[in-house]
Structure formats: C-alpha cells, structure tokens
There are 2 protein chains.
Amino acid sequence: MAAIGSEIERLIALLSKLPGLGPRSARRAALALLKKRDTLLEPLADAMQEAAAAISSCEICGNLDTQSPCAICSDPRRDTHILCVVEDVADLWALERAGVFRGRYHVLGGALSALDGVTPERLNVSSLLERVQHGVDEVILAMNATVEGQTTAHYLMDLLQGRKVTRLAHGVPVGGELDYLDEGTLSAAFKARRAL
Amino acid sequence: MAAIGSEIERLIALLSKLPGLGPRSARRAALALLKKRDTLLEPLADAMQEAAAAISSCEICGNLDTQSPCAICSDPRRDTHILCVVEDVADLWALERAGVFRGRYHVLGGALSALDGVTPERLNVSSLLERVQHGVDEVILAMNATVEGQTTAHYLMDLLQGRKVTRLAHGVPVGGELDYLDEGTLSAAFKARRAL
C-alpha cells in the first residue's frame with residue numbers, strides 16, 4: 001500500500017503478534033503510538049528495552065523477575081513447606097493479586113496437550129519433583145479448570161503419590177449467577193456443598 | 001504486588017494505554033513479550049524507536065510518513081485537482097486499502113465535537129481552505145457517518161460554498177443484510193435508490 005511506509009508496516013506487523021490485537025487493532029495501536037510520540041511511543045520503547053535487559057526467568061520457580069531467584073523465592077517470610085504449582089506466570093500473578101497464598105510457587109510453563117504436542121518433558125516437571133524432595137509438606141495443584149489443566153493435574157498427582165497433594169475448589173464464582181453457569185460448574189458446586 | 005517487578009508493572013501500564021488493550025490484556029501482552037524476547041520484544045522495541053525517529057506528519061496533508069511531503073503528496077501520478085478530506089490518518093489508510101481514489105488527501109485530525117471541546121481551530125481547516133485556492137476542482141468530504149463527522153462535513157460545506165463539494169454515498173454496505181441494518185442506513189439507501 002502506497003500510503004503506509006515500511007517502518008509503519010513493520011510496526012503494525014509486530015503489534016499484531018500481541019495477544020488480543022488483530023490486524024485492525026494493531027493499526028489503531030500503531031496510529032495511537034505515532035500520535036502520542038512523547039507520552040507513549042518513546043516511553044513504551046524504553047520500557048520494553050529495559051524489560052528485555054532486566055527481566056529473566058527465576059532459576060527456582062520459573063517466575064519472571066529482575067532477579068533470580070525471584071522476589072518470592074528469596075523472601076524469607078514466605079513458607080517454604082507449601083508449594084503451589086501453576087501453569088503459567090500469569091496464574092502466579094493472579095494468585096498474588098488475590099493475596100491468598102504465602103508459600104512458594106512452581107511454574108510449569110504450560111499444560112499437557114496432545115493436540116499442541118506439549119509432553120511432560122516440555123514442562124518444568126523434573127525440577128518440581130526435585131523441589132518436593134526438600135522439606136515440602138503440601139503441593140497445591142492450581143491448574144486451570146480446563147481439560148488440559150486437569151489432565152496435567154492428574155499426571156502430577158500420580159507422580160506425587162504418597163505426598164499431601166491438594167487442588168483448588170470448584171464451585172460458583174463469587175458474584176456469579178447460577179443462571180449463567182455451565183452444568184459442569186453447577187454440578188461441581190452441588191457435589192461439594194457445605195453445611196452452614 | 002510483590003510478584004511483579006517495577007519494570008514489568010511499567011511495561012503493563014504503558015501497554016494498557018494502547019487502544020484495544022485493557023489492564024488484563026495488557027498483562028497478557030506483557031507476558032507474551034517477555035516470553036518471546038528475541039522474536040517479539042526486541043524487534044518491537046527496535047521498530048518503535050525507528051518509527052519514532054523516522055516518521056512525522058506530512059506538512060501538506062497531515063498523513064504520517066517517513067518523508068514530508070508524504071509519498072502521496074509527492075507522487076506526480078496522483079491527481080492534484082481532487083482533494084479528499086478525511087478525519088484521521090486511519091481513514092486515509094482505509095481509502096488507500098480500497099484503492100478507489102487517485103487524488104490527494106487532507107487529514108483534519110479529528111471531527112468537531114462540542115462534548116470533547118474540538119473547535120474548528122483545533123482541526124486542520126485553515127490549511128484546507130488555503131489548499132483549495134490552488135487548482136482544486138472537487139473536494140470530497142469523506143467524514144465518518146457519525147454525528148460529529150456529519151457536523152464537520154456541514155461546517156466545511158458552508159466554508160467551501162461556490163466550489164464543487166461531494167460526499168460519500170450512504171447505503172447498504174456490500175455484503176450487509178437488511179435485517180441487521182439500522183433505520184437510518186435503510187432510509188438513506190431507500191432515498192438514494194438507483195434505476196437498474
């Protein structure tokens with residue numbers, strides 16, 4: 001297209017690789033960047049280069065941080081006897097936002113999926129088995145409640161036999177309306193009902 | 001939040017300013033960037049810095065390009081007698097993608113809006129009036145079919161009285177189904193019906 005220079009086209013092509021941005025929204029994002037050069041384009045380019053230089057995966061748990069071991073693994077106030085296994089760094093962030101867990105994490109780096117060719121060797125499973133040898137009393141399997149997540153949880157449960165292994169509760173999300181929930185969730189919530 | 005370093009938080013905050021990315025999708029985008037460091041994060045940071053250095057607004061029409069006058073304004077094969085006025089660079093790109101127009105453009109930089117405080121002085125109106133003095137036979141007002149766009153078109157029509165001023169046709173979009181169209185579009189399409 002004559003109207004768009006190759007620099008802009010390259011910017012749009014790269015932006016469209018971000019999750020949540022298609023070709024059309026990548027164009028809008030590129031335009032927004034070029035219009036807000038001082039307040040958005042240059043600060044974002046700087047922030048990205050700083051992040052590329054500073055951030056790496058934690059050698060222990062797989063979290064992303066400017067230090068390795070990460071802030072969580074090197075925090076002496078966090079309980080080392082309880083390990084929460086998550087699929088992805090995003091899940092770790094979500095649990096930290098909830099502020100509900102004061103132990104340590106282990107990031108698998110995905111979930112088992114025959115369709116996507118994700119085998120146990122491609123996940124951080126051997127380092128998990130290594131870690132649980134050293135003073136871990138409980139392993140919480142906080143996988144997603146998807147087919148892949150639950151397959152992964154069952155696989156890990158087999159490997160961790162003889163240890164205390166727990167999983168997150170399934171049920172009605174807080175603020176959720178029964179009318180909008182799927183049968184699987186309703187059935188899980190029913191089966192796990194508790195006395196008041 | 002302890003789990004996220006300040007570099008990552010800054011990256012997320014800046015990403016969430018892009019149109020189409022909220023706080024949640026900005027987090028996903030930041031994670032995708034950090035996971036695909038070599039193929040996405042670094043190339044995108046480079047592309048953004050190159051774009052910041054290379055791209056500016058065309059001094060004649062307001063298009064964004066690596067040269068000023070832009071590729072369209074300096075293309076001798078394009079008709080200088082017909083001027084297409086658009087609200088935004090994105091609209092210019094859309095018309096170029098359609099490949100339907102071989103004249104020159106004029107980018108207003110927005111549309112009149114009392115609500116957002118956009119007055120005629122904040123748009124590139126005076127440069128438009130200056131340009132039409134020099135051998136322009138027809139001005140096409142290609143504003144959006146919104147209240148702001150049509151207000152702007154009426155305002156410009158008054159200023160351009162005595163000249164040949166046209167606007168884009170309103171009607172059923174190609175591929176559109178009548179059942180899904182609003183009454184305004186249907187009524188415009190009906191009024192502008194043509195003999196077969």
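Colleague: Why is the pair E50(A) and R10(B) called a salt bridge?

Modeller: The term means a side-chain nitrogen of Lys or Arg within 4 Å of a carboxyl oxygen of Asp or Glu. In this predicted model, the closest N and O atoms of E50(A) and R10(B) are 3.2 Å apart, so the pair meets the rule.

Colleague: Which conventions lie behind these names and values?

Modeller: Residues are numbered from 1 along each chain as its sequence is written, while chains are lettered from A and ligands numbered from 1 in the order in which they are written. The model is predicted, so local features need pLDDT of at least 70 and side-chain atom pairs count only at pLDDT 80 or more, whereas totals for chains, interfaces and linings use all residues; side-chain values use heavy atoms, with hydrogens and water left out.

Colleague: How do you know that K35(B) and D88(A) form a salt bridge, and what makes the pair join two chains?

Modeller: Their closest N and O atoms are 2.7 Å apart. K35(B) sits in helix α2 of chain B and D88(A) in the loop between β3 (79-86) and α4 of chain A, so the pair joins two chains. Helices (H or I, at least four residues) and strands (E, at least two) are DSSP runs, numbered from the N terminus.

Colleague: What makes 55 residues of chain B count as in contact with chain A?

Modeller: Contact requires heavy atoms within 4.5 Å. On that rule, 55 residues of chain B touch 55 residues of chain A. The two chains bury about 5,200 Å² between them, 70% of it on carbon and sulfur atoms; buried area is the accessible area (1.4 Å probe) that two parts lose on being put together, summed over both.

Colleague: How many residue pairs across the interface are in polar contact?

Modeller: The rule finds 11, with both residues at pLDDT 80 or more. A polar contact is a pair of N or O atoms within 3.5 Å; within protein, one must be able to donate a hydrogen and the other to accept it, and residues adjacent in sequence count only if both atoms are side-chain atoms. On the side of chain B that touches chain A, α3(B) supplies the largest share, 16 residues. By class, that side has 35 nonpolar, 6 polar and 14 charged residues. Ala, Val, Leu, Ile, Met, Phe, Trp, Tyr, Cys and Pro count as nonpolar, Asp, Glu, Lys and Arg as charged, and the others, Gly among them, as polar.

Colleague: What makes a space a pocket and not a cavity?

Modeller: On a 1 Å grid over the protein atoms alone, a cavity is a set of points where a 1.4 Å probe fits but cannot get out; a pocket is an open set with protein on both sides within 12 Å along at least five of seven lines, and lining residues have an atom within 4 Å of a point. The largest pocket has a volume of about 1,100 Å³, volume being the space filled by probe spheres set on the points, which are joined across faces, edges and corners. Among the residues closest to its centre are M143(B) and N144(B).

Colleague: Which residues lie closest to the centre of the second largest pocket?

Modeller: That pocket holds about 380 Å³. Of its 16 lining residues, the closest to the centre are A142(A), M143(A), N144(A), A145(A) and L168(A).
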